[in-house]
Amino acid sequence: MEQELISKKELLELTGISYGQLYRWKRKKLIPEEWFIRKSTFTGQETFFPREKILARIEKIKELKDERSLDELAAMFAPDPATVVMTKEEIVKRHIVSDVVLQLLNDELSDRNDVSFVQLLALYLVDRLLLSGEISMEEGKTIWKMFESHYPKLQGKSCELIVLRKMGVATCFLAEGAVNLYIEEGAKLAVRLHVPACIEELKLKLSEG
Amino acid sequence: MAARNLTINGSAFLGGGTFHHVTVRGDATIRGDVECDRCKVFGSADMKGALTARQLRLFGQANIDGPVRMEKMDVFGEADIHGHAHLQHLQLRGMVRVEGNVEAHAIRGYGELSVSGSCEAEKVALTGVVRVGQTLNAEQVELSLYFADSSVKEIGGRTISVKRNKTWNAIHWLTRFSSLSATLEADTIEGDEVYLEYTKAAIVRGERVTIGPGCEIGLVEYQMTFAQDEHAMVKEKRQR
């Protein structure tokens, strides 16, 4: 996937962090190894980063680093979801997802009271999409079912949640890694969500409560 | 952890397993992964598999074909590791060669450290020779060049100090016509505080940069201060 890059020098100037901080955050796994893109330039080897991702990440680290330890931050950014198990009451009490979604999907959850991280993630995604008005209740159910049955197969790998709609009929799927989509004219790309980014948001929400 | 101990006196060939203490006096070939609390080798150990231990004390030679994970590793002699090494403390008196990456809290000692991949630690304080194929990333890097040439592709950290060992300077004066040298070669060196001696690097970037004697630097980019020894060569310098 084509992405805009930023050089290390420009990054440090723009964000005001030092080399020491950048290397420390890399050591602490706050910045993933894959983001360090080495390219040869006329001055020799230079390191580049995916511009948007790294800027967003550094903003977040700067914002949170006074309140949390670097290890806590690393756990938050880690792609493998934490082993979180919550009860339904907790979810409602801490406003992690809205009541509407929980009621909608209560039938699916009914036999168990505790909710795993994957289920919570699915709830969170559906909640988010419903609140933004991108999907209908019925579609929410479909996404939930699809996500719960397919997401574990990815084993924590990066993926995108995609919803296509044509003539009012929607279909959803997960795409592993970063892919380019080429869609027929009559269909509309209703939703395209980067799941790891949602995991980060969710983890942040969890750790705040 | 199982309370069984494994003791080898003499020579033996055996499989791995989980033990409390592993002691090798002599020569052992172990096929399979070994997990133990304390591992001591006096002599030679050839391990074909991963080694997970709280502590390894090595007097002699060890060859480990697999990843290594331990809290403390003391090497008096030579260790060859084919796999990644996760350590808390590495105490070096001799030579450690790693075909893979090293992640550690602190690395210190005398001798030679070769890492084919990258080496990350909070503190690296070594006297001797350091060779790192990728990045040496540490909060604090203190290298004291001795015996032979060191090379690191990229050094990054908060404080970086590369000096030539004083004793070596005296020896070098005596052997100044021989080809022996103790220098560091690097592509890029980036840190907040950088002090270099006898270093050949293409690019040095930092907040406060001091280029000491014997350096040959292509480009220095500094933010706050820059100082250069009269016996150093810097082709280009920029403040930004």
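Reader: How many salt bridges are there between chain B and chain A?

Author: The count between chain B and chain A is twelve. A salt bridge here is a side-chain nitrogen of Lys or Arg within 4 Å of a carboxyl oxygen of Asp or Glu. In one example, the side chains of Arg24(A) and Glu139(B) meet at 2.7 Å, N to O. Keep in mind that this is a predicted model, where local features need pLDDT of at least 70, side-chain atom pairs count only at pLDDT 80 or more, and totals for chains, interfaces and linings use all residues. Residues are numbered from 1 along each chain as its sequence is written, chains are lettered from A and ligands numbered from 1 in the order in which they are written, and side-chain values use heavy atoms, with hydrogens and water left out.

Reader: Thanks! How many residues are in contact across chain B and chain A, and what area is buried?

Author: On chain B, 25 residues are in contact with 17 residues of chain A, contact meaning heavy atoms within 4.5 Å. The buried area is about 1,800 Å², with carbon and sulfur atoms giving 39%. Buried area is the accessible area (1.4 Å probe) that two parts lose on being put together, summed over both.

Reader: Nice. Changing topic: how many cavities does the search find?

Author: Three cavities of 30 Å³ or more turn up in the whole structure. On a 1 Å grid over the protein atoms alone, a cavity is a set of points where a 1.4 Å probe fits but cannot get out, while a pocket is an open set with protein on both sides within 12 Å along at least five of seven lines; lining residues have an atom within 4 Å of a point. Grid points are joined across faces, edges and corners, and a volume is the space filled by probe spheres set on the points.

Reader: Which residues lie nearest the centre of the largest cavity?

Author: Those are Arg38(A), Gln45(A), Thr47(A), Glu154(B) and Thr188(B), out of 13 lining residues. The largest cavity holds about 120 Å³. Its lining has no nonpolar residues, five polar and eight charged. Ala, Val, Leu, Ile, Met, Phe, Trp, Tyr, Cys and Pro count as nonpolar, Asp, Glu, Lys and Arg as charged, and the others, Gly among them, as polar.

Reader: And what is the volume of the largest pocket?

Author: About 1,500 Å³. Of its 44 lining residues, Pro32(A), Glu34(A), Trp35(A), Lys53(A) and Arg57(A) are the closest to the centre. Helix 3 of chain A gives the most to this lining, with six residues. Helices (H or I, at least four residues) and strands (E, at least two) are DSSP runs, numbered from the N terminus. By class, the largest pocket is lined by 19 nonpolar, nine polar and 16 charged residues.

Reader: What about the second largest pocket?

Author: The second largest pocket has about 360 Å³ of space. It is lined by 16 residues, with Arg27(A), His86(B), Gln88(B), Glu103(B) and Ala104(B) nearest its centre. They divide into five nonpolar, three polar and eight charged.

Reader: Last one: what are the domains of chain A?

Author: Domain 1 is 5–77 and domain 2 is 85–208; such bounds come from an automatic or database domain assignment. Their centres, taken over C-alpha atoms, are 29 Å apart. The contact takes seven residues from domain 1 of chain A and five from domain 2 of chain A.

Reader: How many salt bridges cross that interface?

Author: Zero by the rule, between domain 1 and domain 2 of chain A. These two domains bury about 570 Å² between them, 50% of it on carbon and sulfur atoms.
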